[in-house]
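I opened a new notebook page for this structure. The entries below follow the order in which I looked things up.

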Amino acid sequence: MVSVRGLPILAAILGVASVMPVYSYAEGAGAPPAVHQQVSLPRVLVLATGGTISGKADTRSAIGYDAGAVTGEQLIAGVPGVEKLAQLQVEQISNIASQNMNSQVWFKLAERIRRAFANNEADAVVITHGTDTMEETAFFLDNVIGDARPVILTGAMRPSTAISADGPANMYEAVKVAVDPQARGRGVLVVLNDEVQSARGVSKMHTTALQTFHSPNLGPVGYVDPASVRFVAPAKPQQHLDLPADHKLPRVQIVYAHADMDAQQIDDAVKGGVRGIVIAGMGDGNVSTDALAGIERATKAGVVVVRSTRVGNGFVNRDVEVDDDHYGLVASMDLNPQKARILLQLLLANGKTAAADIQKVFSVGF
Ligand SMILES: NC(=O)C[C@H](N)C(=O)O
């Protein structure tokens, strides 16, 4: 449990923060108290999971760095002015690079957020996270939280020690969005580089650029800068799927389609005991004739098959180039393969196994 500290300590922190450069948290500023209190400001629970935003290198121009080397508390201490936006309570959920993100951390996050909202501990949640799998964590949480209070993920493309580290500005803007009344009722959001994206729409689309997050099909839902938060899309209805009590998600494998494709990967997946397969198909979710024969074997064996696309943009349409009705397939609509995998896992865990029922959920809103 974290403890509430007194105002003299807060004043000391504010004094330090005001003269320190923004990257100070990576340069041994020391751990501040876990609760940064200012009476009557909104309460934001910060859940730190690691990633480049918590990364640290030996020198400011170093190429390599260790992700998850800085704690959430140190990270907050390097964001001057954030304490004027909200009362921040920081908890460390994990400290990993997000290529190692996994469903156990997702369950931990989901349960902590549900508890915080049920006990009225927080008005909003900000999660710091690596960018590689941020869209997957955001989408998982979007499907299981179902609360109007904002849940915002943020991260960074440059480690905390880099020249022009982007983490502090992203953290500031994430908290700014979290406390904005208009952020309510929008599901889980991702805030980086002055843009606000929905969990459903967002995808990492550049390996290294600061402007890596885009929502190719849906566009950003809003914009943020130090002076303002502007939403350009309407709020959405809140709904949620249950978390499996045993904290296990069924095995669903992604199969990447390509020229010269045979059915080997699909047959191997079925033999390996998967409950579902998501095809990262060519174009509008296409596979070769040989692979389609493998898909037919898979569905006959009771494996649910969803057709998504490797293209990264556009919708996968039902029954246009592939006869989904005939083969009993699900079209992923706007969902990329990694998000289609999560939705299929959650639906299977909630007892939905019929392709038609699964299709209805994938098609929500379209
Ligand atoms: N920019 C980043 O955060 C990348 C890092 N590999 C991560 O996802 O943790």
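What pLDDT does the protein average, and what share of the residues score at least 70? I checked this before anything else, as the model is predicted. The average pLDDT is 89, and 89% of the residues score at least 70. I then noted residues 1-33, where the pLDDT is below 50. That stretch still has 50 contacts in the model beyond near neighbours in sequence. For the model scores I wrote down an ipTM of 0.98 and a pTM of 0.89.

Next I looked up the record. UniProt, in an unreviewed entry, places "domain: Asparaginase/glutaminase C-terminal" at residues 251-362. I found this span to be 40% helix and 17% strand. Its end C-alpha atoms lie 18 Å apart.

I turned to a pair of helices, α4 (residues 134-144) and α9 (residues 337-349). Their axes are 10 Å apart and the packing angle is about 30°. Angles under 35 degrees count as roughly parallel, and α4 and α9 are therefore roughly parallel to each other. I recorded their crossing as right-handed. On the α4 side I listed E135, E136, F139, F140 and N143, which meet Q338, K339, I342, L343 and L346 in α9.

My last entry is on E111, in helix α3 (residues 103-118).

Technical notes. Residues are numbered from 1 along each chain as its sequence is written. This is a predicted model: local features need pLDDT of at least 70, side-chain atom pairs count only at pLDDT 80 or more; totals for chains, interfaces and linings use all residues. Helices (H or I, at least four residues) and strands (E, at least two) are DSSP runs, numbered from the N terminus. UniProt positions are given in the numbering used here, feature names are shortened, and annotations may be inferred rather than shown by experiment. pLDDT is the predictor's confidence in each residue, from 0 to 100. Two residues are in contact if their C-beta atoms, placed from the backbone, lie within 7 Å. Axes are lines fitted to C-alpha atoms, for helices over the stretch in contact, and angles run from 0 to 180 degrees between N-to-C directions. Angles under 35 degrees count as roughly parallel, over 145 as roughly antiparallel, 65 to 115 as roughly perpendicular and the rest as oblique. A crossing is left-handed if the near helix is turned anticlockwise from the far one by less than a right angle, and right-handed if clockwise.
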